Amino acid sequence: MSSWLDYTINGLIVGNVYALVAVGLALIFGVSRLINFAQGSIYLVGAYIGWVAVVQLHTPLPLTIILVAAAAALVGLIIERFGLRPLQNSVRIAPLLATIGISFVLDQLVMLTFSPNPRALPSQLPDVRFQIGGGTIGPLDLLIAGVGITSALLLFVFLRYSKLGWAVRATAQDRDAAMQMGVDVNRVNQAVFGIAAALGGVSGLLVGMYYNQIDTAMSLQATLKGVVAEVVGGAGNVPGAVIGSLLLGLVESYGVAVFGTSYRNLFAFLLLVVVLVLRPNGLFASARQAPPEPLTGTFIAPSRPVRIPRWVLLVATGIFAVLPFFPVSFYVLQTLINAWLLGMLALSLTLVAGTIGQVSLGHAALLAIGAYTSALLSLTFAVPVGLAIIGGGLMSAALGTALISPSFRLRGHYVSIATLAIGEIVSLVILNWESVTRGPIGISGIPPLSLFGYELVSPISIYWFSFIVMVVLALLQGRLLGSHLGRSFRAIRDDDIAARAYGLSLNRYKSLAFIFGGFAAGVSGGIAAHLYSYINHETFNTQQSILALTVVILGGLGNVVGAILGAVALVGLPEVFRIAAEYRILIYGIVLLLLVRFRPQGLLGTM
Amino acid sequence: MSNIDRRTLVRGSLAAMMAGAAFSRAAFAQSSEPILLGVSGPLTGPNAQYGTQWKQGFDLALDEIQSAGNINGRKLAYSFEDSQSDPRQSVAIAQKFVSDPRIVMELGDFSSPASMAASPIYQRGGLVQFGFTNSHPDFTKGGDFMWSTSVSQADEQPLLAAYAVKRLGLKKLAVLHLNTDWGRTSRDYFVKAAKEHGAEIAVTEGYIAEERDFRSTLVRVRDANPDGLILISYYSDGALIARQARQVGLKQVICAASSVYSPKFLELGGEAVEDVHVGTRYFPEDPRPEVQKFITGFKKKYNGLEPDAFNAYAYDAMNMAAAVVKIGGADRRAIRDAFAKVKDVSSVIFGKATFDVESRRVKGAMNAELVVRKGQFALWDGKPT
């Protein structure tokens with residue numbers, strides 16, 4: 001029995017830590033309806049500025065906190081002014097991509113300045129421990145709780161009783177109306193980003209001290225957990241974010257208690273999916289609250305797609321088809337094979353995200369399902385590789401659609417968060433379901449690609465194989481978009497109420513889109529499995545999902561040719577920048593930001 | 001001093017007799033161009049720290065090789081391509097290396113998914129993939145161009161089990177391990193060996209690499225009531241677990257695998273890692289000349305920085321590469337054959353390293369039983385903690 005008390009206390013302590021990030025995310029979401037993927041990077045920046053202050057300058061704790069808050073706030077203001085404000089009037093999804101780009105840039109800058117080695121960040125508080133239950137807590141626990149709860153309370157009071165706070169809430173409810181009433185929307189945004197960034201920076205500092213450890217890989221994890229906590233509490237709801245964080249901490253702790261450590265995150269993400277499905281506005285949303293997303297589909301704004309003449313496409317396809325006849329190196333061919341595989345994933349995502357408006361952040365899960373199915377079919381049941389890959393595609397279509405179907409009722413950002421969670425769940429199930437997936441050991445010795453008994457092992461044959469598969473999938477998808485199905489998909493995206501009024505069954509069409517998209521992604525994963533010969537739960541990770549979304553937004557949502565162009569660009573650019581060694585991801589991030597800045601509707605525009 | 005395992009020497013001389021005089025010194029084309037090795041590893045991304053450590057180890061070894069007069073007059077150099085430990089990038093790098101005639105062999109990658117995805121390309125391209133941190137049991141099964149000096153966990157874990165059970169006298173163990181292919185394989189070998197020594201395994205807990213909070217895990221450990229904690233961890237997570245274990249009031253003996261052996265473990269763990277036992281392959285005061293040369297050279301080159309396990313792996317790997325190239329010359333196939341011929345290469349980890357041609361791995365890692373005393377790694381004096 002006493003153990004349960006300990007698990008409860010531990011859960012609250014960790015929840016406490018999550019709350020610091022979640023509050024900042026909630027604040028920004030509340031005002032700009034934006035999941036700020038750069039929040040984790042600000043947290044990272046805060047931790048390292050704190051390290052400089054503590055270890056190099058030997059500042060006392062209060063001064064350290066003020067320094068970190070001020071510096072992080074400055075970073076937040078810069079992000080708002082130069083990264084996001086120029087995108088104000090563009091597509092709603094552009095700022096999301098911008099924050100991803102900003103987080104690349106910030107993480108890389110920190111890594112280049114401080115080296116990727118982890119560092120100790122000593123706590124400046126006296127090391128006394130208080131006995132509670134079977135464990136102890138220290139002064140830092142109290143300080144973190146204090147900062148979390150105080151900042152949530154202060155923000156609550158600020159939003160409710162101060163004039164700027166009213167302006168913030170007015171802007172959150174209706175930006176245009178607020179502007180007409182004379183609210184300086186830019187100033188409001190600035191204030192919000194400044195506060196949220198200061199909070200993010202301080203949380204990085206405190207969490208770093210808490211674990212006596214900071215490293216450059218901490219930013220993505222912080223963002224993920226923060227997003228989960230925030231959404232559980234109700235996106236944009238500041239006190240809700242605190243309670244959501246504590247709840248998340250508790251669920252994880254009890255999950256560990258009952259099933260063991262390797263199930264911990266599984267419970268976190270299951271909690272998220274359950275909350276999203278049962279109470280999409282979060283646990284603490286009031287019934288009166290306006291829907292969190294606009295009723296009609298301004299999330300993905302229509303733009304005029306670039307019309308590419310048919311002959312250009314034919315010539316381009318022809319050139320790529322005969323490329324291996326020319327003296328190109330295998331390295332170039334391999335890079336293009338990667339691009340075609342990513343292209344298939346992007347075709348899938350551009351259909352579900354762009355055409356029907358379900359922006360998925362967990363698409364790598366479909367790759368993983370396809371890859372594992374195909375690998376196991378060919379290894380365990382000796383199914384010919386060609387059939388096994390098709391099997392992978394079918395399994396991905398079926399399982400992917402079944403997993404996502406509970407969240408068909410969600411809209412906008414909530415779909416993204418639900419799919420993010422489902423992606424993590426799939427990866428954790430692969431890790432833990434050892435009797436089938438062989439757990440962390442992974443599957444090795446997967447037979448190479450073969451077709452009708454002929455092994456495809458030379459890069460040239462793999463190139464042609466993946467290119468042809470991708471072109472066939474692209475043609476099918478083009479045909480689909482031109483049919484009545486494609487028009488129905490777009491109708492649902494643009495205005496789901498009107499579409500329903502017109503008699504379209506939303507769930508059926510969403511299922512159809514996911515079935516088709518799941519197949520393409522599963523095939524891509526299947527080919528990858530046979531290409532790599534070894535896969536484990538880390539092969540298809542969250543970064544893949546984020547990359548796929550970046551490709552799709554870059555190419556233009558729903559745009560088939562755009563998806564392929566985006567895949568070639570995002571596989572090619574990091575390879576082109578190889579010459580820059582450690583700086584290449586930094587340059588990649590900056591190029592991404594510039595593209596979003598000057599072409600927010602994507603290279604070829606939304607279809 | 002008797003802690004150093006002498007098996008290696010015996011084995012080394014046996015192998016030497018069997019290998020016979022199969023030396024063939026390839027004629028080197030006299031050229032001023034350096035002999036180029038390809039390295040595929042993480043310089044950015046979540047594992048970037050390990051790539052940086054590799055570089056430090058490589059550069060030190062190269063300095064020494066150069067001052068010893070290079071390889072038959074030719075300089076040895078490497079070209080490091082950043083893979084972020086991502087299989088998609090490591091396969092592209094593999095094609096790049098295979099089609100670059102200047103590259104004579106490849107080193108890396110870091111993680112199993114990235115390394116083993118590239119193996120088929122190296123195998124078909126006929127370029128040696130020398131994976132010196134690849135402990136995955138299937139890595140060298142990728143083909144006869146896959147060689148590894150990574151300490152086999154089948155070798156290392158029984159040593160750790162002997163330290164914990166026989167030497168420290170622990171009878172009931174809680175095993176915390178990274179839930180990766182490495183951690184999982186290690187755990188299985190450890191559990192098997194510990195049971196053979198008569199210990200009971202009270203609980204095993206696998207955690208993912210990004211995990212930072214272990215309090216609830218440690219409550220599970222406490223409830224299992226072990227008399228010792230075994231950490232199959234890297235230094236950053238190992239330090240976190242030790243700190244949190246002490247914070248929640250667990251006072252049991254902690255015994256950790258060699259992968260925590262790093263000055264960072266002491267820095268990140270602070271007082272909490274005092275008295276933690278570590279089974280390692282070498283230690284700072286180790287009288288072996290190759291260890292002293294490595295440590296003094298490293299400190300001199302990097303302003304007094306203490307080398308860690310990954311530095312040592314990389315340093316050894318570059319020395320092994322030099323020894324192999326010396327026999328095999330600049331021909332890729334001859335280099336593969338040279339791996340079977342090379343013997344008794346001076347090594348920090350193995351003392352004298354000779355490949356087992358069957359498994360394409362090196363057996364018989366050295367053993368040193370250390371404990372953290374006053375914030376430093378020291379040879380365990382046999383006193384209980």
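Trainee: Which residue is the bridge partner of Leu37(B) in β3(B)?

Mentor: The bridge partner is Met105(B). The model is predicted, so local features need pLDDT of at least 70, side-chain atom pairs count only at pLDDT 80 or more, and totals for chains, interfaces and linings use all residues. Residues are numbered from 1 along each chain as its sequence is written, chains are lettered from A and ligands numbered from 1 in the order in which they are written, and side-chain values use heavy atoms, leaving out hydrogens and water.

Trainee: What makes β1 (35–41) and β3 (103–108) of chain B a pair?

Mentor: Strands (DSSP runs of E, at least two residues, numbered from the N terminus) pair if DSSP finds at least two bridges between them. Here there are five bridges, in the parallel sense, so the two strands count as paired.

Trainee: Why is one side of β2 (76–82) and of β5 (146–147) of chain B left without a neighbour in the sheet?

Mentor: The open sheet has the order β2-β1-β3-β4-β5 (chain B). β2 and β5 stand at its edges, each with a single partner strand, so one side of each lacks a neighbour.

Trainee: What is the area buried between domain 1 and domain 2 of chain B?

Mentor: Buried area is the accessible area (1.4 Å probe) that two parts lose on being put together, summed over both. For these domains, whose bounds come from an automatic or database assignment, that loss is about 1200 Å², 52% of it on carbon and sulfur atoms.

Terms used
Helices (H or I, at least four residues) and strands (E, at least two) are DSSP runs, numbered from the N terminus.
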